[in-house]
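The sequence and structure come next.

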Amino acid sequence: MKLSARHGRGAFVPRTIEALYQAMERALDAEHSAASSGLLQRLDARVKVSGLFALILATALATRLWVIAAIFALAALLAALSRISIRLLASRVWIPALAFTGAIAVPALFLTPGDGLYRVPGLNWTVTAQGLTTAGYLLLRVETAATLALLLVVTTPWMQVLKALRVFRIPVVFVAILGMTSRYILLLLETAHEMFESRKSRSVGALHGAERRQMAVASAGVLLSRTFQLSGDVYLAMQARGFRGEVYLLDDFAMKRLDWLALAGFAALAAAAVWAGR
Amino acid sequence: MHIPDGYLSPKTCAALYVGAAPFWYVALRRVRKALHTRLVPLISLFAAFSFVIMMFNLPLPGGTTGHAVGIGLAAVVLGPWAAMLSVSIAIVIQALFFGDGGITAIGANCFNMAIVGALVAYAVYRILAGRAAIGSARRVMAAGLAGYAAINVSALLAAIEFGIQPLLYRDAAGAPLYCPYPLSIAIPAMMLGHLTIAGFAELTVSAGVVAFLQRSDPSLLKATAGGSVEIGEPAAGRNLRPLWVGLGALLAFTPLGILATGSAWGEWMARDFSNPALRREIAASSFHYAAPLRAPEGLARLSQVWTAPFARYAPPYVRSAAFGYLLSAMFGAGLILLVCLMVGRLFDRKEPAT
């Protein structure tokens, strides 16, 4: 849904609608793919959170390019076994990370001092071996870590990801607030989407820059007022359901044989990557 | 601004988690004490609001657009401790579910934006707003500058974290293992975008929403206003008079520049090198390194290319140095205002009909 292409560069209302729509679409897609039957989808959320976080840490610790490349290959294999399409990975992670980090990494090819490898004709710029290596580290690390993070959130319902954070001894209050926030993000995204859609349908003619700014800021203000109103309503609803300041989380996790095997596999792979990547 | 995985070493990330931990601890203790109040849903919903506000494409002067983070607004409405938790939660959710910022870098992002950003925003807001009424224009300005300062201090911290990576972490062949750019590149590269686009997006949202709340729900601004501040009447329209008065005062004081003694380092003219008195001033401002007896060849050649009409802020046809300074200041300020006006007119295009 490329609204911005139809409405031109200055059309901030359609572009904001598109951004809000994409965020909602991403959340719904994640719930959909988490429900399918792949390898990672069958695992306990706590195993996935600890296993994939361990691999992300091993990626950060590795000081050899081939080790990071091997973790990336493992992530791609896990995606294939979990029925996550290459298209989804490419559109969500690989291409955006390549564009963003690639733009940052390219100048490092020339700016990093070291042994000259190639001189760009006409520009007197020299690609150095150290520049090539550092750009490789940056790109591979970003791609690998982002792929592993995506695997977690597209194979696990979001509420379970947050509950599983308790394995890291994160306080229950923080986890409960995270859970509430993730739910209300969807509600506020929808509210903001409706606000901008209705504004778009009422708008006739052209808006000047200052008017556009005024409209964006007023929309943010209205959304904030609604947020506070909703906060009051939620508090009353919590009280009506017996909330007296104590936070409990329903823990419906149960480790099966496959989970223990997967946990051992993740631990062995992460340890091997840390050892090989020293 | 949201640092992804791979840009910072695990040691830097661990250090920033450790740096953030005491602030989270204190903030959570405060929340635990107030669990029976409406603080829990308020923090959750404000975090959700911060997340959604980042999706807004804000039209900025000059025809560009930017995204705000909402640090300034969170600090102004919730106060520093609740703002820390609220923005931290938004950052965790962005990193986990939306790939905006890395998982290993959550500590760094929270330290830069949620903790330091919230503290800076709150301090700037309280200092600048003082005891002004809730509905005063001064609070709008204070909120805008609080957001602007917070986002820029956060960006500076991120730039320093990037810039120290190549100093500390390299492989055996000397290739940087993480962010490859030193401080001399990382700081200007980060600050350029934040002092302009991102800073103005944050300023616009913070000031604009506070102005909106002054009209619609001023009680929301009461929590961080301190003591017995009057709600007062909201500021009407865009009152630019204080800015014009300030600009006029600055212009009137420009002749004070004449009182300054010594030489401005690096602003020497070709003929200064052959003047003994000026040579002594150049040496005094250069750790007593003696200047060459003649101007360097390149400097001498290029100084002939253009002769400024108001060289050294002293138009040749004005005898009074003070009046020359004042005239130069008026001409310069007028020229800048004219250029800004023309650029604004040029880029302030109309929104296409929808």
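How many residues of chain A are in contact with chain B? In this predicted model, 79 residues of chain A are in contact with 65 residues of chain B, contact being C-beta atoms, placed from the backbone, within 7 Å. Helices H2 (12–34), H3 (45–61), H5 (86–111), H6 (129–154), H7 (158–164), H8 (172–202) and H9 (209–240) of chain A each give two or more residues to the side of chain A that touches chain B. The largest share, 19 residues, comes from H9(A). Helices (H or I, at least four residues) and strands (E, at least two) are DSSP runs, numbered from the N terminus.

The side of chain A that touches chain B divides as follows.

| Class | Residues |
|---|---|
| nonpolar (Ala, Val, Leu, Ile, Met, Phe, Trp, Tyr, Cys, Pro) | 50 residues |
| polar (the others, Gly among them) | 22 residues |

Strands E1 (residues 116–120) and E2 (residues 125–128) of chain A run antiparallel, joined by 4 bridges; strands pair if DSSP finds at least two bridges between them. A:Gly116 stands opposite A:Thr128, and A:Val120 is the bridge partner of A:Trp125. The hairpin has 4 residues between its strands, and A:Gly122 in the turn has a positive phi of about 85°. Of the 5 residues of E1(A), 0 are buried, so E1(A) lies largely in the open. Buried means that 20 or more other C-beta atoms, placed from the backbone, lie within 10 Å of the residue's own.

In H6(B) (residues 137–168), 24 of the 32 residues are buried, so this helix is largely enclosed by the rest of the structure.

Residues are numbered from 1 along each chain as its sequence is written, and chains are lettered from A and ligands numbered from 1 in the order in which they are written. Local features need pLDDT of at least 70 and side-chain atom pairs count only at pLDDT 80 or more, whereas totals for chains, interfaces and linings use all residues.

Note on methods: Contact = placed C-beta atoms within 7 Å. Expected span 1.5 Å × (residues − 1). Buried ≥ 20, exposed ≤ 12 C-beta atoms within 10 Å, placed from the backbone.
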